Amino acid sequence: MQEHDPSEAVNLMHGGVILFRGTGADALRYVEADRSRADDYYLSDGGDVEYAVLDASGETVTVRALSNEEYARWVDWINPDTGERMGRPRLAGQDRLGSPRFAEMTINGPKSLSIAAALHPEVSEVLDRAQQDALADTRRWLAQRSVTRVGPRGAQEVVPVDHMQVIGITHRTSREGDPHRHIHVQIGMRVWAAGKWRALDTAATFRQQGVIRALGTAVIAAHPELAEVLDRHGLTLDPATGEVVELQPFNALMSKRGEQVRRNFERLEAEWQATHPGESMGPVVSSRLTAQAWAHDRPAKKPTTLREEEAWLTELREADYDPATLRRPSGSHLARSTVAPPLPRPGHATACKSRRRASSPRPGCAPQVQSCAS
């Protein structure tokens, strides 16, 4: 389980679900820090913050943009639609953590897709639509399966939520200024159930994270319009990985932050092994070193030289990128395939043991997630 310390603006694009415990002002700084200030697409107030309210069936009740002020207030548990308090978050103290304000995951795609979008405006438009489709399906899946607890301590029942709020924040660059399309999916910690605002059961959310992540990946990789537009530009979408085959060799060039983290982790791993000879690094130590690797020497929030797609194209050309000489693989029929990659079965990730109200039938506990991408 990962949690975000708002005092450390760590880029957490690599992880699963995190809990954000800072204030609304902290959240604004955190979101701003995740991408380059030179990203000219998202300098307008609230231009990339999409707020949605969904009911238990997964239907969208409300969807609209939030201003920066509205977003900060939402993080502080103020309902953007009514102005009412949805509870009072506990502030952090010397010996206690503050209340989690939202649970976050990201919808990512392979770096090669972001490169293709930077090279071709038509691909950029379609990729935006594919990622928005992934966001919509992710929200719907969450609304159908998220739960809360009702009743006195020690005698609580797990029940489905009636309404929940989800924020989607879209970025096109990394904090290094590289092309990197991603959407922050922020799941509100306050949900409406049994006539009042209650806390989201995050234990269920953490169990669901593998399926949620796979769902977003499948929707993008199986998007037929995306495969077609790439094909028109002589590029191949691999439906199993979501990679653009011809541009995959340039991933490292356009992944400066990822390469920095890899070097940091290798150094930390070597230092640990030197001080623990003969020991095997367990998952707890590995997770701690990974977090340190991402935090160490992270780029400051400063303008970057990569201000526009033309700068990215120049850098690619300097690395011998030439669209005239790109060779398509022999299996180019993959570009027209709409078969989604295999996904893990949700199994225990769903809230199958939750009490179900007769008036709110729930979907099956082991849905074929692939169907969401069709």
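This is a predicted model: local features need pLDDT of at least 70, side-chain atom pairs count only at pLDDT 80 or more; totals for chains, interfaces and linings use all residues.
Analyst: Local features need pLDDT of at least 70 and side-chain atom pairs pLDDT 80 or more, while totals for chains, interfaces and linings use all residues. Numbering runs from 1 along each chain as its sequence is written, and side-chain values use heavy atoms, without hydrogens and water.

User: Why is H1 called oblique to H2?

Analyst: Helix H1 (residues 24–33) and helix H2 (residues 68–75) pack at about 120°, with axes 7 Å apart. Angles under 35 degrees are roughly parallel, over 145 roughly antiparallel, 65 to 115 roughly perpendicular and the rest oblique, so H1 is oblique to H2.

User: What makes the contact between H1 and H2?

Analyst: Contact means heavy atoms within 4.5 Å. H1 contributes Gly24, Ala25, Ala27, Leu28 and Val31, and H2 contributes Asn68, Tyr71, Ala72 and Val75.

User: Why is the pair of Trp74 and Phe102 called stacked?

Analyst: Rings of Phe, Tyr and Trp (its six-membered ring) pair if their centres lie within 6.5 Å; planes under 30 degrees apart are stacked, over 60 edge-to-face and the rest tilted. The Trp74 and Phe102 centres are 6.1 Å apart and the planes at 15°, so this pair is stacked. Trp74 is in helix H2 and Phe102 in strand E5 (residues 102–108), so the pair ties together parts 28 residues apart in sequence.

User: How do you know whether Trp74 is buried or exposed?

Analyst: Buried means under 20% relative accessible area, exposed over 50% and partly exposed in between (1.4 Å probe, protein chains only). Trp74 has 2%, so Trp74 is buried. Phe102, at 0%, also counts as buried.

Technical notes:
Axes are lines fitted to C-alpha atoms, for helices over the stretch in contact, and angles run from 0 to 180 degrees between N-to-C directions. Helices (H or I, at least four residues) and strands (E, at least two) are DSSP runs, numbered from the N terminus.
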